[in-house]
Amino acid sequence: MSRAERLRRLRRLRRPSVRRRVRAAIAEELLGTPRSLAVVCAFTAFMLAVGIGYYAPTAGEVPIALWPLYADSAVAVALGGAVLATLVATVRRGGNVTADAPTSRPLAYLHTLAFVWLVQFGVWPLVSLNLAFGEYVAAPDAWIYYWGVIGTHLLFVGLALLFPAFGRTTRGALATALALGVVNVVIDYGFGFHPPLLYEPGPGLAAATLAIAVGAVALAAHSFRWLGEETD
């Protein structure tokens with residue numbers, strides 16, 4: 001394939017309809033059969049277990065009511081797992097994930113919140129860990145605390161990007177996701193209930209986290225079809 005042809009193909013990805021077809025094909029490949037969906041669900045369950053194990057030692061220092069906002073990465077994976085669970089019946093009966101997956105207003109809220117939370121906390125370690133890069137790469141378990149965390153959290157983003165292939169959103173769902181993102185920043189950095197880090201975060205990380213939350217909501221608004229909108 002010539003360089004010019006490759007560039008033409010890349011330019012086609014600027015078209016929303018082309019991006020949707022590509023996303024739909026990937027979603028069908030990864031989620032469209034019982035075996036492939038089971039593999040993705042199993043890996044999601046593994047990431048959830050790791051996340052719970054990460055937050056559990058310090059959860060006792062946080063009021064129980066704030067656990068969903070404190071253990072944000074684990075909650076993001078749990079929401080993603082809930083989205084995958086809604087596909088099980090469709091896949092088991094041989095339906096097409098992108099065309100036959102159920103849609104409803106409650107599901108639109110779930111799809112949107114899961115997408116935003118996964119993207120937000122998938123990207124967040126890129127900022128939070130690199131603000132103290134030297135401390136993390138010098139840690140005895142740097143391959144876990146730096147490379148492992150960043151690698152697994154980027155998979156959050158990959159999982160989230162599949163959801164617009166079959167999910168929907170609403171203005172209320174987007175507003176709710178944005179409000180929760182703001183509340184999360186206030187709780188984490190205003191009251192000090194942020195995830196465990198090797199340093200004490202300051203206003204810079206709080207501002208970056210808020211910016212990531214706003215960006216995740218904007219990406220959701222751009223990526224999802226509206227509830228009631230027909231497929232291409």
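Reader: What is the length of the polar contact that joins the side chains of Thr98 and Asn96?

Author: This is a predicted model. In it, the side chains of Thr98 and Asn96 meet in a polar contact. Such a contact needs N or O atoms within 3.5 Å. The pair here lies at 2.6 Å.

Reader: Is Thr98 buried or exposed?

Author: Thr98 lies in helix H7, residues 97–100. Its relative accessible area is 17%. Buried means under 20%, so Thr98 counts as buried.

Reader: Which helix gives the largest share of the nonpolar patch?

Author: The patch sits on the surface and consists of Leu178, Val182, Val186, Phe191, Leu210 and Val214. Together they have about 480 Å² of accessible area. Two elements give two or more residues each: helix H11 (171–190) and helix H12 (203–223). The largest share, 3 residues, comes from H11.

Reader: How does Val214 count at 42% relative accessibility, and why?

Author: Val214 belongs to the nonpolar patch and lies in helix H12. Buried needs under 20%, and exposed needs over 50%. At 42%, Val214 falls in between, so its label is partly exposed.

Reader: What distance does H11 reach from its first C-alpha to its last?

Author: H11 has 20 residues. At 1.5 Å a residue, 28 Å is expected. The helix comes close to that, reaching 27 Å.

Reader: Which strands do the buried residues of H11 pack against?

Author: The buried residues of H11 include Ala173, Leu174 and Tyr189. The buried set packs against helices H4, H5, H8 and H12. It also packs against two strands, E1 (168–169) and E2 (225–226).

Key. Residues numbered from 1 in each chain as written. Predicted model: local features only at pLDDT ≥ 70, side-chain atom pairs only at ≥ 80, totals over all residues. Heavy atoms only, no water. Patch = residues over 30% accessible without salt bridge, like charges linked within 9 Å, V, L, I, M, F, W, Y side chains within 5 Å. Areas by Shrake-Rupley, 256 points an atom, 1.4 Å probe, with all protein chains shown as cover. Salt bridge = Lys/Arg side-chain N within 4 Å of Asp/Glu carboxyl O. Helix = DSSP H or I, 4+ residues; strand = E, 2+ residues; numbered from the N terminus. Buried < 20%, exposed > 50% of the residue type's maximum accessible area, 1.4 Å probe, protein only. Polar contact = N/O pair within 3.5 Å; in protein donor to acceptor, adjacent residues only side chain to side chain. Expected span 1.5 Å × (residues − 1). Contact = heavy atoms within 4.5 Å.
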